[in-house]
Each structure stands twice: as structure tokens, then as C-alpha cells.
Amino acid sequence: MTQASFSHVLQIFPCPDIQKTAAFYKKIGFRSVPYLNSMEPHICLYRDTIELILTQSAIHKIFPNRIQYGYGYDAYFITDKQAAMQQEFLDKGITIVRPLMITDYGNKEFVFEDIDSRWIAVGHKIS
């Protein structure tokens, strides 16, 4: 029996304003492809092997995982160039909520906050 493997992960973010959220992600280097006239309007965002899909939320406030469930990131971007990406985000005025560090679970990561209050970790396993 053959095991299936994954090439990359797709993350779906409901947004109170998909245009505003798309503009935020374009600021940090994502390419935007809008499908706003489709039956289910959305915007696809791409950077390296990261793909995000933004959808229009029926509610006007997003409740990130740390609020809704007590802890947790809303997405995890895997890279081995965390220091360079953190500096890029700092240079663009992005809020870094946890600076680059080694976690107690063996990841080297930093965490930034997006325009909808989501916490996105950027890192990879080092141990």
C-alpha cells in the first residue's frame, strides 16, 4: 500500500474585510489573485509554498484560536530563514508578538499578528 504525501498546506482564513486582509498580506510579500465574482468569492494569496485563501466572513470580528480556545496559533509557516523573515516583517511595521526564540518543544520560531488579530508562527523543528 502506497502512502500519500503532502506537497504543501493550504490555509483558509475567513475575514471581516477580505480586501483589507489581502492588502496586509501583499505588504508582507504575498501575491494576490482575486476571485471576487465567483459563486463563493475569495482571494488566493501565495508566497513560496504557502497558500492562503481569504473568504468573506458573515461576522464582523474574527476570534483567533488563542481567544476562542485559550491558546494556539492560527497558522504555522515553515521556513529555515526565520531571522531574515522576522527582520523583513519588522522593517514593514508588522507586529511581532513573540520574537525569534527556541521553544520548549524544539522549534525555532517567531510569531506575528495579522490585521485580523490572528497569530501566525514562522519557524521549523530544530531537534
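The side chains of Glu51 and Tyr46 meet in a polar contact of 3.5 Å. This is a predicted model. Glu51 sits in strand E4, residues 50–56. Glu51 is buried but forms no salt bridge. Arg31, the nearest side chain of opposite charge, is 8.2 Å away. Beyond its neighbours within four places in sequence, Glu51 is in contact with His8, Val9, Leu10, Gln11, Cys44, Leu45 and Tyr46.

**Helix H3**

Helix H3 spans residues 82–91, and its buried residues are Gln82, Met85, Gln86 and Phe89. Seen down the H3 axis, these residues fall within an arc of 100°, so they line one face of the helix. An α-helix has 3.6 residues a turn, so residues three or four places apart point the same way. The cover over the buried residues of H3 includes strands E3 (42–47), E6 (96–102), E7 (107–113) and E8 (119–125). Exposed Ala84 and Asp91 are carried on the face turned away from the buried side. After H3 comes Gly93, with a positive phi near 80°.

**Aromatic pairs**

The whole structure holds 8 aromatic pairs. Two of them share Phe77.

| Pair | Centre to centre | Angle between planes | Class |
|---|---|---|---|
| Phe30 and Phe77 | 6.1 Å | 50° | tilted |
| Phe77 and Phe112 | 6.2 Å | 50° | tilted |

Phe30 lies in the loop between helix H1 (18–27) and strand E2 (31–35), and Phe77 in strand E5 (residues 75–78), so their pair ties together parts 47 residues apart in sequence. Phe77 in strand E5 and Phe112 in strand E7 are 35 residues apart. Phe30 and Phe77 are buried, and Phe112 is buried too. Ring pairs join Phe13, Phe24, Tyr25, Phe30, Phe77, Phe89, Phe110 and Phe112 into a cluster. Phe89 is also one of the buried residues of H3.

Conventions. Residues numbered from 1 in each chain as written. Predicted model: local features only at pLDDT ≥ 70, side-chain atom pairs only at ≥ 80, totals over all residues. Heavy atoms only, no water. Helix = DSSP H or I, 4+ residues; strand = E, 2+ residues; numbered from the N terminus. Buried < 20%, exposed > 50% of the residue type's maximum accessible area, 1.4 Å probe, protein only. Lys, Arg positive; Asp, Glu negative; His and termini not counted. Salt bridge = Lys/Arg side-chain N within 4 Å of Asp/Glu carboxyl O. Polar contact = N/O pair within 3.5 Å; in protein donor to acceptor, adjacent residues only side chain to side chain. Contact = heavy atoms within 4.5 Å. Arc of directions from axis to C-beta. Phe/Tyr/Trp six-rings, centres within 6.5 Å; stacked < 30°, edge-to-face > 60°.
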